Amino acid sequence: MKFERDSPDGRNSFTGYGEGYVQVSGQRHVASLVVAGDRVIADWPAASVEALRADHFAAILELAPEIVLLGTGAAFRFPDAALLAPLYRAGIGVEVMDTPAACRTYNILLGEGRNVVAALIVP
């Protein structure tokens, strides 16, 4: 699916996604990544929900978002709750959904001016 809307205020937004990729502000990514309004962490090492580790969330904590959208790939899969505990303790909201839904939700929240981060597993 391809989106045509421009990034709000020049911030990173999803401009497309499909099987095996997401597109951020026109740039295609074929591996897992973290997207915030002002930066993209393209080397996020989470290849699957099963491979998630606590240290994968350290970079997200440093961004201090209001909410994190965890995209779990093509299908919804909830990770071990203990992995998300540091985010909850920091007062950060977490929503888990499939990666396409996370892309759409991120754009909506970004458009509302929310401090949102999408951590996406791209299979």
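Me: How many aromatic pairs does the structure hold?
Reply: This predicted model, in which local features need pLDDT of at least 70 and side-chain atom pairs count only at pLDDT 80 or more, while totals for chains, interfaces and linings use all residues, holds 3 aromatic pairs, a pair being rings of Phe, Tyr and Trp (its six-membered ring) with centres within 6.5 Å, where planes under 30 degrees apart count as stacked, over 60 as edge-to-face and the rest as tilted.

Me: What are phenylalanine 14 and tyrosine 106 doing, stacked or edge-to-face?
Reply: Their ring centres are 5.1 Å apart and their planes stand at 80°, so the pair is edge-to-face. Phenylalanine 14 belongs to strand 1 and tyrosine 106 to helix 3, so the pair ties together parts that are 92 residues apart in sequence, helices (H or I, at least four residues) and strands (E, at least two) being DSSP runs numbered from the N terminus.

Me: Is tyrosine 106 buried or exposed?
Reply: Tyrosine 106 counts as buried, at 0% relative accessibility, and phenylalanine 14 counts as buried at 1% (buried means under 20% relative accessible area, exposed over 50%, partly exposed in between, with a 1.4 Å probe and protein chains only).

Me: And which way do the rings of phenylalanine 76 and phenylalanine 78 sit?
Reply: With centres 6.4 Å apart and planes at 50°, that pair is tilted; phenylalanine 76 is partly exposed at 47% relative accessibility, and phenylalanine 78 is partly exposed at 47%.

Me: Switching topic, what follows helix 3?
Reply: Glycine 113 follows helix 3, with a positive phi near 85°. Residues are numbered from 1 along each chain as its sequence is written, and side-chain values use heavy atoms, with hydrogens and water left out.
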